[in-house]
Amino acid sequence: MVRAVSVGLLTAAGLVATAAAPAAAAPHNESPPSVQLGYTDSATPTQAHDAGDETNQPLGTRVDDAGVAHTSRVYATFDLSRFEHRRVIGGKVFVRERNAADCTKRAVEIWRTKAVTATPTWRRAPAPLAKLAEVTAAGSCSADLAFDVSPGLLDAAAKKQRYVTFEIRVAAEHEADPSYGREVYWYGGVSMTVSYNSVPRINNDRLYNGGFACTALKPYPRLGHFANSLQVLGTDADDWDAVRTEAAVWPTGEPGARTVYVDERGRSGRANTVSLPDDALTDGVTYAWQARVGDGLDASPWSKKCYFTYDVSRPSAPTVTSSNYPPDGHGTPAPVGEPGRFTFSGGGDKDVAGFQYSWSFLPVSGCEHSGDVGQLVCADPFSSPGTVRANAPGGTATVSLSPPSAGPTRLLVRAIDLAGNTSQTVVYETMIPSSSPTVERLGGPPEWGQEVVLKVSPAAGVTGVYEYEYTLDSEDPQTVSAEEDGTAYIRFTATGEWCHQLRVRSRSANGFLSSSASWSCTFFPWPGVRSDVYPETGPSTGGVGVEGTFHFSPPPGVTDTVAYRYRFASGDPVTEVAADENGRATITWTPQRSGAVNLRVQAVRAGGAVHPQTHHYGFEVPDPAA
């Protein structure tokens, strides 16, 4: 088969076929690498002439100065291996002419021959396979010829041949006529472009419906409101090709009702979504679906089939009863230190698969595009805390729960079906007695940088306590074991700039988790001062002539205290005392008169800087007469 060709005038910049820039849609054009380029000469039948050295290649017949005729043909071979996994659509070979013997004559043909990887000789020229195209239009001495060689390329691709060789020659009836002779320009004289497309592929392992993986196994999954979101992972090896996704959906057993929905905005390597219209699915119907991806030119095969049942009906509301936590209004509170035993019932409604419960609020099961290829991921409705499956469809479930606080308390419960649909919420109200443990600080007031010891004891009526769970400030929860009498000791070093906050609750062997108790302390931003004889608050055991000891500690957060400056009255001189290696100091002082005293203390840091905050420690020296 012979294809027509086009002829163009040679521009100043020249015509050079290069790899095309990535296109926005198929098909694409790319130049394969040249393997061989050269010519043969009938006057030297055993010699091959490779292109190069900036010398044009002769084409047709020419006569040298000695009167010897030279007939030449040009051979060009290209490597097609980069198109091995692409669909070859066609291609063109471009030939740049120079120095025609007669500009009014042209009869150039292109043939496909058996492939060679080295320039042949006249005597051992490769066998011709097919004439592909010719050009006979004349009128220019230097022209760019474009030959459509698609049939030869398609045949080579179909036979998975790596190399394709073309013979460029003057037509046989004119080949011996020197007036038809010409030259092929040495610079980019023969080049080629291949038109191709990479066929998109669909990944059968990455099909998703309603946030869950595709399945063909019974029982088919029941999907709710996200069932109209069908997602497919398609890939296209051609950069920038848009991926077109088609999803065919039909009720099982009704293949004639097959409907195809399309999304044009997909991306290669991502989960592309086909969103079904709101009225596409009918509640209670089981559907099959499959998908394929395309790029506007080629499409993948249809995927395997996936199945689901569309379910958007809400289950019936449950009933809630308790064997030991009576409903509020009956005058009987729940027992102290005993978990509540609650039974939820679906009342025989077979759509009820389980229950969701909480003392505070019932969250909505979420779906988000958090998958590794952007697919929608929906959580199993029974994978979240605060859910329990019924013992049978429409049956019951019993849970053991510790209330979060004392007083009137509400337990929220609703039924869940397999699609994640929830019923109306049922509220069970009950009266809870206090169960918070008591917290007692041992020793004096907390000091920054020193150990704090707290004694924790169970609430009255709470028995079998074996450990306490506590949270210090915003740290992760910790536990401490209880002694035989249920008490425990929590120890930590006070390192917080403003002191600390602690929440603690007891855990009993019967599974009861008490309500929380709180404890907190406060640090002020000045040096600490403590005296057992002359306390800042409370009665003093001192008096006139009674010596008192005063302990100074660093301001919270200050680690380089080297001394303290102090005075007991405004008219007294300031005294400085060195701090020990821990930044602490101790002084003694004996009052000479009774009455109110304002002890002023400042911390001195390394380098001599005085901390800006002064502690005004006020206390009373008792009057002996009183």
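Which side chain does Arg-73 join through a polar contact of 2.7 Å? Select Glu-175: its side chain and that of Arg-73 make the pair. (A polar contact is a pair of N or O atoms within 3.5 Å; within protein, one must be able to donate a hydrogen and the other to accept it, and residues adjacent in sequence count only if both atoms are side-chain atoms.)

Before moving on, some housekeeping: this is a predicted model, where local features need pLDDT of at least 70, side-chain atom pairs count only at pLDDT 80 or more, and totals for chains, interfaces and linings use all residues. Residues are numbered from 1 along each chain as its sequence is written, and side-chain values use heavy atoms, with hydrogens and water left out.

Stay on Arg-73, found in strand β6 (residues 69-79); strands are DSSP E runs of at least two residues, numbered from the N terminus. Arg-73 counts as buried at 17% relative accessibility, buried being under 20% relative accessible area with a 1.4 Å probe, protein chains only. Beyond four places in sequence, its contacts (heavy atoms within 4.5 Å) include Tyr-39, Leu-59 and Trp-122.

Next, select Phe-342, Phe-344, Leu-411, Ile-490 and Leu-502: of the 43 residues in the largest nonpolar core, these touch the most other members. (Such a core is a set of buried Ala, Val, Leu, Ile, Met, Phe, Trp, Tyr and Cys residues joined through side-chain atoms within 4.5 Å.) Strand β34 (residues 465-472) gives this core its largest share, 4 residues. A second, separate core of 33 residues has Leu-59 among its members, along with Val-74, Tyr-180 and Met-192.

How values were computed:
Buried < 20%, exposed > 50% of the residue type's maximum accessible area, 1.4 Å probe, protein only.
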